[in-house]
Amino acid sequence: MPAARGFHPGKNGPFVVVESHAHQHLGYFESQGGGCVVSETAEVSAFALRYGKLRSQALNVEESARLIERMAGEA
């Protein structure tokens with residue numbers, strides 16, 4: 001995510017949204033000292049919406065490569 005985006009839905013920390021073999025959707029997040037699996041439909045839906053928002057704001061592959069190259073050149 002480019003720094004120019006400012007606040008974005010991923011700033012609260014990492015999370016994962018998965019679907020089990022039984023087609024149950026689950027969310028998972030970690031904070032200091034532990035992680036938590038979320039199975040309540042409304043909470044998992046909020047994770048999925050957050051993920052969609054992040055995808056829409058993130059750079060594409062080519063833009064990401066250019067950003068990394070530019071930042072590596074600044075080091």
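Where in the chain is the place of His23? His23 lies in the loop between E1 and E2, in a model that is predicted, so that local features are reported only at pLDDT of at least 70 and side-chain atom pairs only at pLDDT 80 or more, while totals for chains, interfaces and linings use all residues. Residues are numbered from 1 along each chain as its sequence is written, and side-chain values use heavy atoms, with hydrogens and water left out.

The secondary structure consists of two helices and three strands, where helices (H or I, at least four residues) and strands (E, at least two) are DSSP runs numbered from the N terminus. Along the sequence these elements follow the pattern β-β-β-α-α. The radius of gyration of the chain, taken over C-alpha atoms, is 15 Å, whereas a compact globule of 75 residues would have a value near 11 Å (the globule rule being 2.2 Å times the number of residues to the power 0.38). The C-alpha trace spans about 45 × 30 × 20 Å along its principal axes. The accessible surface of the chain, computed by the Shrake-Rupley method with a 1.4 Å probe and, for residues, with only the protein chains shown counting as cover, comes to about 5,900 Å², and 56% of this area belongs to carbon and sulfur atoms. Of the 75 residues, 17% are buried, a term that denotes under 20% relative accessible area, with exposed denoting over 50% and partly exposed the range in between (1.4 Å probe, protein chains only). Among contacts (heavy atoms within 4.5 Å) between residues at least 6 apart in sequence, 38% join residues at least 24 apart.

Strand E1 (residues 15-19) is joined to E2 by five bridges, and the two run antiparallel; Glu19 stands opposite His25 in E2. The hairpin of E1 and E2 has five residues between the strands, and His23 takes a positive phi near 65° there. Most residues other than glycine have a negative phi, and most peptide bonds are trans. His23, a residue other than glycine, has a positive value of this angle, and with a relative accessible area of 58% His23 is exposed.

Strand E2 (residues 25-31) is also joined to strand E3 (residues 34-38) by five bridges, again in an antiparallel arrangement. The hairpin formed by E2 and E3 has two residues between the strands, and Gly33 in the turn has a positive phi of about 90°.

A search of the whole structure finds two aromatic pairs, defined for rings of Phe, Tyr and Trp (its six-membered ring) whose centres lie within 6.5 Å, with planes under 30 degrees apart counted as stacked, over 60 as edge-to-face and the rest as tilted. The rings of Phe15 and Phe47 are edge-to-face, because their centres are 5.5 Å apart and their planes stand at 80°. This pair links distant parts of the chain, as Phe15 in strand E1 and Phe47 in helix H1 (residues 41-57) are 32 residues apart. Phe15 counts as buried at 18% relative accessibility, and Phe47 is likewise buried, with a relative accessible area of 8%. Phe47 also forms a tilted pair with Phe29, at 6.0 Å centre to centre and with 50° between the planes; Phe29 belongs to strand E2, and the two residues are 18 residues apart. Phe29 is partly exposed, with a relative accessible area of 32%.

In helix H1, Ala46 is partly exposed, with a relative accessible area of 33%, and its C-alpha atom is separated by 15 Å from that of Lys11, 35 residues apart along the chain. Ala65, found in helix H2 (residues 61-74), is partly exposed at a relative accessible area of 34%, and the C-alpha atoms of Ala65 and Arg55, 10 residues apart along the chain, are separated by 16 Å.

Conventions. Two strands pair if DSSP finds at least two bridges between them.
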